[in-house]
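Reader: I have a model open on my screen. Can you walk me through it, one point at a time?

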Amino acid sequence: MGAESSLRNRFERGLAAPICLTWELTYACNLACTHCLSSSGRRDPNELTTEEAKALIDEIAAMQIFYVNMGGGEPMMRRDFFELIEHAVERHVGVKFSTNGTRIDGAAARRLSSIDYLDIQISIDGVDAATSDRVRGVGSYDSARRAMDNLKSADFGQFKISVVMTKDSIEQLDEFERLAAHYGAELRLTRLRPSGRGVDTWQELHPTLEQNRRLYKWLLARPNVLTGDSFFHLSALGESLSGLNLCGAGRVVCLIDPVGEVYACPFVIHDEFRAGNVRAAGFRDVWQNSELFRSLREPGNAGACTSCGSYDACRGGCMAAKFFTGLEMSDPDPECVFGHGEEALAAKRVTLRPTPSPNHSRRIPVAISAR
Amino acid sequence: MASIIAVAFDATAPWQLNNQVSLRDESFGALAYHHGTRRLVFLKSRELVDVVRRLAEFESAEAALDALVPEDQRGRYLTALASLARSEVLRGR
């Protein structure tokens, strides 16, 4: 259901606490996906300690943030991973974590199945190894499928299969739906962002306007497919997709990175969108008082989209997508359904694309093995 | 999502906030999160939040509305409560 406009206006002015908090637990990752939003690979030596992470969970519970999306990097590479998720669930903070599945063997699957209020999201980027591994690395698809098999054998219940929409994966929508049905899983599709390592690969991987139009129609017919409100820029095509249909950055969502830095959303890990650090005065102080977040909660300016009749539907699109493709905040989304973003990009004589500020990519390519 | 079996809301029955649901006050009303279904629901006025919190004090939803809500707004509240019952934010007791 699309939020009605009065409620949406309230959300744009910010809430007492985020609806949706993403917490990347570590920059360590055993894969090296070419579109990684957090440019992960190497663990940062300054990552939150177990005690700091538990204190943050206590604060999240006190703020009544109902659930946290944990990711990374690969969150299961933290040695205290189970300790942290159990600490959260005991405090009635629901956990949804996002994983490449490489660490979900039979024993891990059974342990995960024993924890209430836990939601797992396994990432693949194609419905076959060839398509998925092009983005995520050789062997990654088979690992993810093994994880799904293990969860099924352990009676975990319903998990999520999460797919980023690239020009290749978007051609496999019906097959993803069948795969999800095979596991009794929910399907979650999200937008490819030019963030993190995606700065270098977005140009090559992002869907065409025509593909996005097909995706919009497909999603409209399937309100049960989850999108994390990813595709609100496509709502300019007509009827709103399900979700809040707004840019939630600093208003209803934000991101905490492994070293405690708070960013406006999971797609803008960059100095320009850093609001503060939880190690200073805690997360609540950053959420409520950061200058960046206060400015994001001010009424927006439609900029170049002022004269477009669809501005109310798409709100000018995604801040991160504009920023990392070298557009101004006042420009249209690079994937504007009417092609205005492509025109804006073409009109830039020199495109200065920002590089990710913290970059934890490995310096040498990784080979994927079972462990 | 619309359920296939439409369950009518019985306002003459006793109701209460589901104990699997957390409510968080916000300037517009409250956010309700159901830990079982993992669904988030918006309560769009503070008055509605008050009614929901106090439902358990009354012998029926009707009795709660009689006590807490102006006569001319009962229809709106009934619709809202029915919707909250469908999303399992409320449960019978």
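Author: A definition comes before the helices: axes are lines fitted to C-alpha atoms, for helices over the stretch in contact, and angles run from 0 to 180 degrees between N-to-C directions. Keep in mind that this is a predicted model.

Reader: At what angle do helix H5 and helix H6 of chain A pack, and what is that arrangement called?

Author: H5 of chain A covers residues 129-136, and H6 of chain A covers residues 140-153. Their axes lie 8 Å apart, at an angle of about 110°. Angles of 65 to 115 degrees count as roughly perpendicular. So H5(A) against H6(A) is roughly perpendicular.

Reader: Which residues of H5(A) and H6(A) make the contact?

Author: H6(A) brings A:Ser140, A:Tyr141 and A:Asp142. By class, the contact of the two helices has 2 nonpolar, 2 polar and 3 charged residues. From H5(A) come A:Ala129, A:Ser132, A:Asp133 and A:Arg136.

Reader: Is chain A compact or extended for its length?

Author: Chain A has 15 helices and 9 strands. Its C-alpha atoms fill a box of roughly 55 × 45 × 40 Å along the principal axes. The globule rule gives 21 Å for 371 residues, and the radius of gyration is 20 Å, close to that, so chain A is as compact as a globular protein of that length.

Reader: What share of the residues of chain A count as buried?

Author: A residue is buried if 20 or more other C-beta atoms lie within 10 Å of its own. Chain A has 371 residues, and the buried share is 51%.

Reader: Where is the cis peptide bond in chain A?

Author: Most peptide bonds are trans. Here omega is about 15°. A:Gly73 lies in the loop between strand E2 and helix H3 of chain A. The cis bond joins A:Gly72 and A:Gly73.

Reader: Is A:Asp229 buried or exposed?

Author: A:Asp229 sits in the loop between helix H9 and strand E7 of chain A. Its phi is near 60°, a positive value in a residue other than glycine. With 20 C-beta neighbours inside 10 Å, A:Asp229 counts as buried.

Reader: And A:Arg315, buried or exposed?

Author: A:Arg315 is in the loop between helix H13 and helix H14 of chain A. Phi is positive for A:Arg315, near 55°. It has 22 C-beta neighbours inside 10 Å, so A:Arg315 counts as buried.

Terms used:
Residues numbered from 1 in each chain as written. Chains lettered and ligands numbered in written order. Predicted model: local features only at pLDDT ≥ 70, side-chain atom pairs only at ≥ 80, totals over all residues. Helix = DSSP H or I, 4+ residues; strand = E, 2+ residues; numbered from the N terminus. Parallel < 35°, antiparallel > 145°, perpendicular 65-115°, else oblique. Contact = placed C-beta atoms within 7 Å. Nonpolar A, V, L, I, M, F, W, Y, C, P; charged D, E, K, R; others polar. Rg over C-alpha atoms; globule rule 2.2 N^0.38 Å. Buried ≥ 20, exposed ≤ 12 C-beta atoms within 10 Å, placed from the backbone.
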